[in-house]
Amino acid sequence: MKVDVRYFAAFREATGIASEALETGAATAAALFAECAKRHPQLQSHAASLVAINDEMAAWEQPLADGDVVLFFPPVAGG
Amino acid sequence: MNTFQVAGQTIDVTAFRKELCDPGCGAYVQFEGWVRDHNEGQQVLRLEYEVYAPLAIKEGQRIIEEAMTRFGLSHAAAIHRSGVLNLTDIAVIVGAASAHRAAAFEGCRYIIDQVKTRLPIWKKEHYASGAAEWVNCQRCAEAAHSHA
């Protein structure tokens, strides 16, 4: 399936890109992140990060569907 | 009223407070988060906030609604800045109004705590040394971990 991945803040600076379109077999957001971390070893662990799918906050174990837009958020620091 | 907003410009405190004013409320608690000149031994010159607005607004609105229901607030609102901020600028403002003070204090505290851990907002500190770093709040990181 095809998904769009977007990187924010420190993730964008680490990968050097804001987004990429990927063909993936990853079943979950966590599996997709692991794939992306292989492509971009400079990405940190997802453990302290948040993920959103199609502009809704999501759980790392949420299954992915074709056409999903997956947003990877490094540890947030509002306020 | 009762909204979460993201602002690219200086927050108008008087206008913010006026929106929440209500003769039915005997208590109003307001929190302002300011840009501080130091962090972990480094001298900070200015901050830069990156906000993913579509989701920050949606999730921020949920936080406001949760606080209103949970604490029985009459009114609540918050505004978070984006862009470059200088020392003493207001980075975030939260207001909670209720009939009595306990709910206003607790509701205001709930909103700012949730805003810090749940919204897609990132802070980059620019130091006197010339370096700049994304701030990695440990407490927020732990909260995010348990959230996942």
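Biologist: What makes a residue of chain B count as buried, and what percentage of the 148 residues are buried?

Modeller: Keep in mind that this is a predicted model. Buried means under 20% relative accessible area. In chain B, 47% of the 148 residues are buried.

Biologist: How many helices and strands does chain B have?

Modeller: Chain B holds four helices and nine strands. From the N terminus the order is β-α-β-β-β-α-β-β-β-α-β-β-α.

Biologist: Why is chain B called as compact as a globular protein of that length?

Modeller: Set the value against the rule. The globule rule gives 15 Å for 148 residues, and the radius of gyration of chain B is 16 Å. Along its principal axes, the C-alpha trace spans about 50 × 35 × 30 Å.

Biologist: What share of the contacts in chain B with a separation of 6 or more joins residues 24 or more positions apart?

Modeller: Such pairs make up 75% of those contacts. A contact here needs heavy atoms within 4.5 Å.

Biologist: How do you know which residues of chain B and chain A take part in the contact?

Modeller: The cut-off is again heavy atoms within 4.5 Å. By that test, chain B brings 29 residues and chain A brings 23. The area buried between the two chains is about 2,200 Å². Carbon and sulfur atoms give 57% of that area.

Biologist: Which residues of chain B lose the most area to chain A?

Modeller: They are B:Y52, B:L55 and B:W122. Together they supply 26% of what the chain B side buries.

Notes
Residues numbered from 1 in each chain as written. Chains lettered and ligands numbered in written order. Predicted model: local features only at pLDDT ≥ 70, side-chain atom pairs only at ≥ 80, totals over all residues. Heavy atoms only, no water. Helix = DSSP H or I, 4+ residues; strand = E, 2+ residues; numbered from the N terminus. Rg over C-alpha atoms; globule rule 2.2 N^0.38 Å. Buried < 20%, exposed > 50% of the residue type's maximum accessible area, 1.4 Å probe, protein only. Buried area = accessible area lost by both parts, 1.4 Å probe.
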